[in-house]
Amino acid sequence: LNFNFLNQIDSILFSFLPKLEQLHLDNNKIYKLENDVFENQISLNSLFLSHNKIKFLNNFVLRNLHNL
């Protein structure tokens, strides 16, 4: 999903992908991540968020991502 001019990510978007291992969200325009956006991504081991507009990342956003 990189280079898609995304500015927001809804938590429902990934909720049905619990086996997702890599997520490339880099080079978008994301400015905010909701606290539960990665809640069900227990298999996620790589998350790419560089080159976005995120200024602050709450600790709760990454709380369930133990494999990162």
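**Side chains, core and salt bridges**

Let's start with Ser15, whose side chain reaches the backbone oxygen of Ile12 at 3.0 Å. That's a polar contact, meaning a pair of N or O atoms within 3.5 Å; within protein, one must be able to donate a hydrogen and the other to accept it, and residues adjacent in sequence count only if both atoms are side-chain atoms. Ser15 sits in the loop between strand S1 (8-9) and S2. Strands here are DSSP runs of E, at least two residues long, numbered from the N terminus. Setting aside neighbours within four places in sequence, Ser15 is in contact with Asn40 and Gln41, where contact means heavy atoms within 4.5 Å.

Quick housekeeping. This is a predicted model, with local features needing pLDDT of at least 70 and side-chain atom pairs counting only at pLDDT 80 or more, while totals for chains, interfaces and linings use all residues. Residues are numbered from 1 along each chain as its sequence is written, and side-chain values use heavy atoms, with hydrogens and water left out.

Okay, next one: Asn28. Is Asn28 buried or exposed? Asn28 is buried, because its relative accessible area is 5%, and buried means under 20%, exposed over 50%, partly exposed in between, with a 1.4 Å probe and protein chains only. You'll find Asn28 in the loop between strand S2 (22-24) and strand S3 (32-33). Its side chain reaches the backbone nitrogen of Leu6 at 3.0 Å, and a polar atom of that Asn28 side chain lies 3.3 Å from the backbone oxygen of Asp26. Not counting residues up to four places away in sequence, Asn28 touches a number of residues, including Leu1, Phe3, Leu6 and His51.

On to the core. The largest nonpolar core has 12 residues in all, among them Ile9, Phe14, Ile30, Phe38, Leu44 and Leu65. By nonpolar core I mean a set of buried Ala, Val, Leu, Ile, Met, Phe, Trp, Tyr and Cys residues joined through side-chain atoms within 4.5 Å. As general background, in soluble globular proteins nonpolar side chains tend to be buried together.

Which residues does Leu44 touch, not counting those up to four places away in sequence? They are Leu20, Glu21, Gln22, Leu23, Leu65, Asn67 and Leu68. Ser46, in strand S4, is in contact with Glu21, Gln22, Leu23 and Leu68, again leaving aside its neighbours within four places. Ser46 counts as buried because its relative accessible area is 18%. The side chains of Ser46 and Asn45 are joined by a polar contact of 3.2 Å.

Leu68 belongs to the segment after strand S4 (46-48). At 47% relative accessibility, Leu68 is partly exposed.

Last topic: charges. How many salt bridges does the structure hold? Two, where a salt bridge is a side-chain nitrogen of Lys or Arg within 4 Å of a carboxyl oxygen of Asp or Glu. One joins the side chains of Lys32 and Glu34, 3.5 Å from N to O. Lys32 is partly exposed at 43%, and so is Glu34, at 35%. Then there's Glu39 with Arg63, the closest N and O atoms being 3.5 Å apart. That pair links distant parts of the chain, with Glu39 in the loop between S3 and S4 and Arg63 in the segment after S4, 24 residues apart. Both ends are partly exposed: Glu39 at 37%, Arg63 at 36%.

Notes
Helix = DSSP H or I, 4+ residues; strand = E, 2+ residues; numbered from the N terminus.
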